[in-house]
Amino acid sequence: MSETHNVRFEPVGIDIDVHEDETVLDAAFRQGVMLMHGCKEGQCSACKSFLIDGDVQMARYSTFALADYESDAGYVLLCRAHAYSDLEVELINFDEETIRSGLPVVTVATTVQAIQPLSEDITQLVLKLVEPGDLRFYPGQYVDIHLPGSELHRSFSMAAPQTADGRLEFIIRRYPGGQFSALLEGDLATGDKLDVTGPYGTFTLKASSERRLVFAAGGAGMAPVLALLRQLADSGSERDVTFYYGARTESGLISLGELQQLRRRLPQLTFVPCLSESWPPGWDRATTGYVHDVVAAHEDGLASCDVYLCGPPPMIDAALALLESRGVPQEQIHYDKFTVTAPSDNG
Ligand SMILES: Cc1cc2nc3c(=O)[nH]c(=O)nc-3n(C[C@H](O)[C@H](O)[C@H](O)COP(=O)(O)OP(=O)(O)OC[C@H]3O[C@@H](n4cnc5c(N)ncnc54)[C@H](O)[C@@H]3O)c2cc1C
Ligand code: FES
């Protein structure tokens, strides 16, 4: 049996136990401590932290997430780090409100309730919780859906807050040959069983802030933003909100009916659809181009906003560079990078 060690996180002063056969990040989830993370598999760098003291061994990860010079300097990825002594770890990217709000991570049996194409490559999937019939999560969080008959899983964000009738709604981009998403093209049917594990994620609204909200998303990045907009509408929030949504062509603009309904309940919501590849005659040219370029052209006060970004890694990286150049404080930036599950390249 593996040994157990103590991990102390600074500067928040939180202690957890970690077994040698689990990662530090999984140990934190087990104990309701919601550390910053994204892919949970060494691809995105969201969990990068500094090892002040102690011995860790790292499972395989991408050197895009942790460069060799960072590893040499003492940085580690908590989603890949196994403790072999007591550890002292300095979190470099954290939000104390989020860390202390962790919900227990559980595995739940579900059945497929609906599969509905939304565009040529995006599909809505609705699951019904079976056992247990309840999964607590915050809007903006995601679960891992287990691939039937396999050890593999894929991460997908809920597109709506928790419902009383135990429905989980997802918006999923289909990739040709995608091990999970391609199943939505006919292999999965209503009534099929799927296990999900969660909730994960830190892409949640910070209750303590009253700042104006700017959302920017591309493709299936619509999912968690829709969940957050629905939460704002449900709570009667009066915060000013602008949502920039990017697609290549007009047919990629999904969930428009839903957004229109939301605007009735959230009149202060401004929705700015952005098209990068082609647009119909009469389309406002100020909203053509990549979503971060449209945000750059429209927004001159980003530093006083809370900014939420969600979508493919190149979109997030470009938007983060913009936010840095505009002086947006780190604690006002929240993002979910929709990384691909890919082989790791170190070790
Ligand atoms: C925190 C988090 C939340 C996520 N939420 C969502 C969500 O709500 N909706 C959603 O659609 N996705 C989401 N993703 C991304 C999703 O988990 C991946 O895209 C996943 O790899 C797709 O699984 P798959 O089995 O269909 O494809 P895989 O079998 O994993 O991939 C097959 C091939 O498809 C291509 N591919 C797959 N994913 C991508 C991608 N994202 N970008 C470019 N090429 C890709 C690649 O060529 C890849 O080699 C999320 C990811 C993370 C980390
Ligand atoms: S969560 Fe650790 S690298 Fe993505």
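The axes of helix 4 (residues 222-234) and helix 5 (residues 256-265) come within 9 Å and cross at roughly 25°. The model is predicted: local features need pLDDT of at least 70, side-chain atom pairs count only at pLDDT 80 or more, and totals for chains, interfaces and linings use all residues. Residues are numbered from 1 along each chain as its sequence is written, while chains are lettered from A and ligands numbered from 1 in the order in which they are written.

**Helix packing**
- Helix 4 and helix 5 are therefore roughly parallel to each other (an angle under 35 degrees).
- Their crossing is left-handed, the near helix being turned anticlockwise from the far one by less than a right angle.
- Leu226, Leu229, Arg230 and Ala233 of helix 4 make the contact with Glu258, Leu262 and Arg265 of helix 5 (C-beta atoms, placed from the backbone, within 7 Å).

**Strand 15 and its neighbours**
- Six of the seven residues of strand 15 (residues 241-247) are buried (20 or more other C-beta atoms within 10 Å of a residue's own).
- Strand 15 runs parallel to strand 14 (residues 212-218), joined by six bridges; strands pair if DSSP finds at least two bridges between them.
- Tyrosine 244 in strand 15 is the bridge partner of alanine 216.
- Seven bridges join strand 15 to strand 16 (residues 269-275), also in parallel, and alanine 247 has leucine 275 of strand 16 as its bridge partner.

**Crossovers**
- From strand 15 the chain passes through helix 5 to strand 16 in a right-handed β-α-β crossover (clockwise from the first strand over the helix to the second, with the strands pointing away from the viewer).

Technical notes: Buried ≥ 20, exposed ≤ 12 C-beta atoms within 10 Å, placed from the backbone. Helix = DSSP H or I, 4+ residues; strand = E, 2+ residues; numbered from the N terminus. Axes fitted to C-alpha atoms, helices over the stretch in contact; angles between N-to-C directions. Parallel < 35°, antiparallel > 145°, perpendicular 65-115°, else oblique. Contact = placed C-beta atoms within 7 Å.
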